[in-house]
Structures are given as C-alpha cells and as structure tokens.
Amino acid sequence: MPSPAWQTPFILIFIPILIVIFSQLLITISAEQFNHHPRRAHNFLGINENETTQNHDHNHKKHKKHHGHRRHHHHHIPLSRQFVEAHNVIRRQLNEPPLTWDRNLARYARRWATKQLDECKMMHSFGPYGENIFWGGQDHWTATDAVESWARENQFYDPMTNQCLYGEMCGHYTQVVWRSSLRVGCARMKCHNGGVLVYCEYDPPGNYINENPFGKVFEMPSSTTSSAVPLDIMSTTGGSG
C-alpha cells in the first residue's frame, strides 16, 4: 500500500535533522579525543616528534659550531662544580686524592679578585693559601679553560729534579696536583674592561721547596734553614685574548 501523502514531507524534514545531530556527535567525540590524547593529536597534524627534536639538536649543533671557542661554557653546571671537576680530572690521572670545594676559600678568592677588576691585573693576595691566577683578555674563558691552562705546564716540570725547565713556569701545575692540598675555592670575575680574572685558593698550600707534588721529600740545600718555606705557591698565568 503506498504511503500517505503527508508522510513524505515529514521524512524529508526529519532526515536533515538526523544528519545535523549525527555530525554534532562526531565533532564532540573528536574534540574529547583531541584533549585527552594531545600527543596523538600532535601527530594528527602531520608533525613528527622525533623530527622536531632532531631539528632542535641540529640547530643547537650549528650554534655550538658557530661559537666553537666557547666549548667549555656549561651554564647549567654550578661554577664550583666546574672548578672542582676540572681539577679532579687531572688529579685522578695521577691517583691523587680529589679536592673538595671550600666556601671560605671561594669567598677569599672572590673578595680579592673584586679589588682587581678596575685594572684587571694579576695581583697576588699574599695570603696563607696556595694561589693560582689566570687572566684572559675577553670574558669567554671558563673555569675549565683556566684549570686546563695550568695543567698544560706539566710538560715543563721534571719530577725527578723537582724543577721547572729553564725559562718555563710549572708552579700552577704542581699546585693543581699537589697531594696534600685537599680543599679549593675559586672565583671567576669579569673585569670592567671586558677581560676576566680567575683566582683559585688551595688549602693546605703546595709547592714547598723540598717536596714534589707526589709526596717525595728532597734533600734541602745547605743554604736553606727551613723546610716550611713555600716555593712559588702563588703562581700566575695569562690566557689569550
């Protein structure tokens, strides 16, 4: 039997309403999934998370390459840790006991270095500690750079005679690796003219004239009356500009 004539307009009206309701339902379900799974939605946009990370790393490497002379800048590592680790990397190679950070020594170094910032000159404090000083004409030199520059003096030190090669300095190196020095405190300060000064203080001090850094005691020269006279314990060195 054919449908009554009044049912045809009703069906034509009802079908679009069902389509609209169904569409709204799909939109609501999609929105809930988007909010509940942001990572899935992220991939839905066609962005590969691994690719994003690799691009960031690539840009970071390009930045590091551009600033290659600043390879030792570790902004996320405390300065005290940079100094201690730079020293202990060298000391471990010689089976020397590690240095520990001393706040009092660091305060001493910082206060004295602050007094030198106007002229940016390497001036000794003549205090009771062993003291190494580093100067750089620009401020990109780091804690690690300073300690490594001192350590490179090992090529000028003869442990058998306990002397530096003629015309060379080696007192920074011997202080860095001096066995009985147990504590260190340092300061890295920017000078007012754009340079940088690094001071490190060591306690107990090293570089005694009748000892080498590794505990060997040498016979005292006949002209010397005391074995407690530090030799070159307050060393200096200069970095490049």
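Reader: Is tryptophan 101 buried, partly exposed or exposed?

Author: Happy to start there, keeping in mind that this is a predicted model. Buried needs under 20% relative accessible area and exposed needs over 50%. Tryptophan 101 has 29% relative accessibility, so it counts as partly exposed.

Reader: And which class does phenylalanine 83 fall into, buried or exposed?

Author: The same cut-off of under 20% decides this one. Because phenylalanine 83 has 0% relative accessibility, it counts as buried.

Reader: How are the rings of phenylalanine 83 and tryptophan 101 arranged?

Author: A search of the whole structure turns up 4 aromatic pairs. For phenylalanine 83 and tryptophan 101, the ring centres are 6.3 Å apart and the planes meet at 20°. Planes under 30 degrees apart count as stacked, so this pair is stacked.

Reader: How many residues apart in sequence are the parts that this pair ties together?

Author: Phenylalanine 83 sits in helix H4, while tryptophan 101 belongs to strand E1. The pair therefore links parts separated in sequence by 18 residues.

Reader: What else does phenylalanine 83 touch, leaving out residues up to four places away in sequence?

Author: Besides Trp101, phenylalanine 83 touches Ala143 and Val147.

Reader: Which residues touch the most other members of the largest nonpolar core?

Author: That core has 23 residues. The members that touch the most others are Phe83, Trp150, Val184, Cys200 and Tyr202.

Reader: Does the span of H4 agree or disagree with 1.5 Å a residue, and what is the distance between its end C-alpha atoms?

Author: H4 has 15 residues, so at 1.5 Å a residue it should span 21 Å. The computed distance agrees with that: the end C-alpha atoms are 22 Å apart.

Reader: Finally, what share of the residues in the protein chain is buried?

Author: The protein chain has 7 helices and 7 strands. Of its 241 residues, the buried share is 32%.

Notes:
Residues numbered from 1 in each chain as written. Predicted model: local features only at pLDDT ≥ 70, side-chain atom pairs only at ≥ 80, totals over all residues. Heavy atoms only, no water. Core = buried A, V, L, I, M, F, W, Y, C linked by side-chain atoms within 4.5 Å. Buried < 20%, exposed > 50% of the residue type's maximum accessible area, 1.4 Å probe, protein only. Contact = heavy atoms within 4.5 Å. Helix = DSSP H or I, 4+ residues; strand = E, 2+ residues; numbered from the N terminus. Expected span 1.5 Å × (residues − 1). Phe/Tyr/Trp six-rings, centres within 6.5 Å; stacked < 30°, edge-to-face > 60°.
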